[in-house]
Amino acid sequence: MTIALARKSLDLITPYKPGKPIEELKRELGLKEVIKLASNENALGPSPKALKAIQKTLRDLNRYPDSDAHLLKKKLASRLGVKESMVIAGNGSDEIILLALRAFVEGGEEVVVANPTFLIYEIASRVAGAKVIEVPLKNFRYDLPRMREAVSARTKMVFIANPDNPTGTYVTRGEVEAFLKDLPKEVIVFFDEAYFEFVQEKEYPDTRKYLSKHSVIITRSFSKAYGLAGVRIGYGISNPEIIDYLNRVREPFNVNSLAQAAALAALEDRTHLERTRRLVREGKNYLYRHFDELGLRYIPSQTNFILVNVGDGKPLYEKLLKFGVIVRDMGAWKLDAFIRVTIGKSDENKRLIRVLKKIL
Ligand SMILES: Cc1ncc(COP(=O)(O)O)c(C=O)c1O
């Protein structure tokens, strides 16, 4: 549906459709036991330390949050070995994507994205009135040489999800360095590292190294490994000039006080982070083994989710719902043969496999 009143650039946008909420499925099908393996959340829940910090902050909810997220930025900066002026907190790392486009991309300028990849790059670029140049994946991986070729004099930003969603694949240090070589400083390279904490590969690049020579923005999230998706918090790292412009276009109180307190505490809970990583590692091996047994092909993943080829994704997705298992249908990415499965707790993974065996 289009109406004449709306901005033209919005006509090409399909609203983002998130994974189905547990309560919605319970309501629709009258189910009692539902598991959700659809949105790459942390199956262990938030860190107990974060919960305690939230509880302590509740009594100050009459106060506005710290607009500057000073304590959090200070701790992040010290962990990351950068200056505090090189960090910005966001209402989810999603918000940093929006801020970057708002600050740097004028209507009609070009943004280069992979296809398929995280859908927000395209949606937010179109909202900004940018022209979106899409470069197909190659063997389910970002094709950085072709993305480099797609950069023109009108290109303002290139989005690189590393690791990528929905494939779970990553680009190597060598590939990134070849991409950055001779890239004009007028082009901002946006490294989205929402799944950074799960990566195990040695060839995965430390993108902080590129901050001084290139126009680079790096984002990370508290929604995945830190289990805080519900309060919405993520952060960006860049040079102080770029961060300054991001601050000019952000709302003054973009990150609420519960989120700031929770993130600060979560950073102190290394045990929870390690438990999370172990759960994902072990769950991934379990699921790989059983997908192999079922003859299902999948893309090896550096994240807490797996893209699985099931032949025809949509009907299987629907059947799984009937058994109270929510996975992600890949229709919006045009990956019709696939479903995407978030790695859950051991009993959740087992239930998924039991139901798959029944259906298949
Ligand atoms: C690649 C990627 N980037 C960013 C995000 C958004 O994360 P946040 O919850 O920090 O906004 C997601 C969430 O699924 C993601 O998959």
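Before we start clicking, one term: two residues are in contact when they have heavy atoms within 4.5 Å of each other. Also keep in mind that this is a predicted model.

**Stop one: H11 and H12**

Select residues 313-322, which form helix H11, and residues 346-359, which form helix H12. Which residues in these two helices meet? On the H11 side, look for Leu316, Lys319 and Leu320; on the H12 side, their partners are Leu352, Val355, Leu356 and Ile359. Sort the residues of this contact by type and you get six nonpolar, no polar and one charged.

Now look at how the two helices are arranged. Their axes come within 11 Å and cross at roughly 120 degrees. That angle makes H11 oblique to H12. The crossing is right-handed.

**Stop two: around H3**

Next, select residues 70-80, helix H3. Colour Leu72, Lys73, Leu76, Ala77 and Leu80: these are the buried residues of H3. Why do they sit on the same side of the helix? Because they cover an arc of only 130 degrees around the axis.

What do the buried residues of H3 pack against? Show strand S2 (87-90), strand S7 (216-221), strand S8 (234-237) and helix H9 (257-267), and you have the answer.

**Stop three: H3 with H9**

Keep H3 on screen and bring H9 into view. Their axes are 9 Å apart, and the helices pack at an angle of about 30 degrees. So H3 is roughly parallel to H9, and their crossing is left-handed. Show the side chains of Leu71, Leu72, Lys75, Leu76 and Arg79 in H3, which meet Ala263, Leu264 and Leu267 in H9. By type, the residues of this contact are six nonpolar, no polar and two charged.

**Last stop: H4 and H8**

Finally, select residues 93-104 for helix H4 and residues 240-249 for helix H8. Here the axes are 9 Å apart and the packing angle is about 95 degrees, so H4 and H8 are roughly perpendicular to each other. From H4, the contact uses Ile96, Leu99, Ala100, Arg102, Ala103 and Phe104; from H8, it uses Ile242, Tyr245, Leu246 and Val249. Those residues divide into nine nonpolar, no polar and one charged.

How values were computed. Residues numbered from 1 in each chain as written. Predicted model: local features only at pLDDT ≥ 70, side-chain atom pairs only at ≥ 80, totals over all residues. Heavy atoms only, no water. Axes fitted to C-alpha atoms, helices over the stretch in contact; angles between N-to-C directions. Helix = DSSP H or I, 4+ residues; strand = E, 2+ residues; numbered from the N terminus. Parallel < 35°, antiparallel > 145°, perpendicular 65-115°, else oblique. Left-handed = near helix turned anticlockwise from the far one by under 90°. Nonpolar A, V, L, I, M, F, W, Y, C, P; charged D, E, K, R; others polar. Buried < 20%, exposed > 50% of the residue type's maximum accessible area, 1.4 Å probe, protein only. Arc of directions from axis to C-beta.
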